[in-house]
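My notes follow the order in which I checked things.

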Amino acid sequence: TAVIAWLFAKEFLRDSVAPLLTGLAVAVAPLGAYFAGIILTENVFTFLLLLAMYLFVRHLKNRRVSSLILFSLVLGAATLVKPTPQYLPLFFIFIMWFANERRITKELCMRSLVLVGVFLVVLSPWLYRNYQVFHSASLNVQSVSTLFLFLVPSTIALENHVTFQEAQEKFYADEGISSYDDIDLGNASEYKKRALEELARHPVGLLKSIGVTIFTFFTHDGYADILSFFGVKVSYAHPPLSTIVTAPKEFL
């Protein structure tokens with residue numbers, strides 16, 4: 001991943017030292033080192049997504065069909081590892097249109113079809129499998145399960161002034177949910193409908209949950225875990241990385 005970051009930076013930075021420093025920064029980043037020591041899809045996903053981005057930049061420069069196909073293959077592989085970028089082809093088509101002086105040409109249409117076509121070919125075995133088993137050609141159920149099993153109890157807890165665990169246990173009992181695996185691609189649409197109906201009944205809790213999520217995005221991150229390993233008590237009143245300013249001795 002660090003090597004790909006170095007190559008990626010070389011496409012934008014003509015200075016010979018700056019790209020090397022970019023790769024070095026990725027190589028020694030504490031959070032990356034931490035993730036590399038535990039089993040997470042993020043490790044493979046980050047490598048594949050960054051590689052796909054690099055190949056896309058290369059294609060914008062050489063405009064070869066072979067480089068576009070290779071990019072689409074790697075992007076598809078990254079999506080199989082973690083479905084987050086499943087809609088990114090639309091973004092890349094927009095970038096190609098922008099790089100084409102915002103003109104819709106026959107070449108642009110052909111390249112867009114190649115991108116989407118190869119991308120879908122890579123995903124097709126998994127989509128077909130899901131359709132055969134669950135009668136749903138979707139990649140995964142994570143968005144619905146997160147919505148139903150975590151966001152809804154969070155809004156209830158914040159609105160009723162109870163703990164998340166208390167709200168979650170009561171909500172699971174009321175809805176007849178026994179485990180995370182109760183929601184699958186076959187019943188995802190029904191659970192999504194029920195989740196949206198429940199969220200509509202708790203608008204204040206939903207707004208509070210959004211606010212908490214935005215704040216904790218900057219505080220409850222991987223650096224907090226790393227610092228806790230060394231016995232440093234992290235104050236969630238500010239981002240953990242700012243400990244280097246507030247308590248440099250402890251941080252180091």
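These entries go from the whole chain down to single residues.

**Entry 1: ground rules.** I am working with a predicted model, in which local features need pLDDT of at least 70, side-chain atom pairs count only at pLDDT 80 or more, and totals for chains, interfaces and linings use all residues. Residues are numbered from 1 along each chain as its sequence is written, and side-chain values use heavy atoms, with hydrogens and water left out.

**Entry 2: the chain.** Helices (H or I, at least four residues) and strands (E, at least two) are DSSP runs, numbered from the N terminus. I noted a box of roughly 60 × 55 × 35 Å for the C-alpha atoms, taken along the principal axes. Of the 252 residues, 33% are buried. For accessibility I use relative accessible area: buried is under 20%, exposed is over 50%, and partly exposed is in between (1.4 Å probe, protein chains only). I then looked at contacts between residues at least 6 apart in sequence: 60% of them join residues at least 24 apart. Contact means heavy atoms within 4.5 Å.

**Entry 3: H4 and H6.** How do the axes of H4 and H6 cross? Helix H4 (residues 41–62) and helix H6 (residues 88–99) have axes that come within 11 Å and cross at roughly 25°. H4 is therefore roughly parallel to H6. The cut-offs are under 35 degrees for roughly parallel, over 145 for roughly antiparallel and 65 to 115 for roughly perpendicular, with the rest oblique. Axes are lines fitted to C-alpha atoms, for helices over the stretch in contact, and angles run from 0 to 180 degrees between N-to-C directions. The crossing is right-handed, meaning the near helix is turned clockwise from the far one by less than a right angle.

I listed the contact residues next. H4 supplies Leu49, Met53, Phe56, His59 and Leu60, and H6 supplies Leu88, Phe92, Ile95, Met96 and Ala99. They divide into nine nonpolar, one polar and no charged. Here Ala, Val, Leu, Ile, Met, Phe, Trp, Tyr, Cys and Pro count as nonpolar, Asp, Glu, Lys and Arg as charged, and the others, Gly among them, as polar.

**Entry 4: His59.** I stayed on H4 for His59. Is His59 buried or exposed? His59 is buried, at 0% relative accessible area. Leaving out residues up to four places away in sequence, His59 touches Arg64, Ser67, Leu68, Met96 and Arg111.

**Entry 5: salt bridges.** I found nine in the structure. A salt bridge is a side-chain nitrogen of Lys or Arg within 4 Å of a carboxyl oxygen of Asp or Glu.

Glu11 pairs with Lys61, with the closest N and O atoms 2.9 Å apart. Glu11 lies in the loop between helix H1 (2–10) and helix H2 (17–28) and Lys61 in helix H4, so the pair ties together parts 50 residues apart in sequence. Glu11 is buried, at 15%. Glu11, Arg58 and Lys61 are linked in a salt-bridge network.

Glu107 and Arg111 also form a salt bridge, at 4.0 Å. Both lie in helix H7 (residues 106–134), four residues apart, about one turn of the helix. Glu107 is partly exposed at 37%, whereas Arg111 is buried at 6%.

Asp174 and Lys170 meet at 3.0 Å, N to O. Both are exposed.
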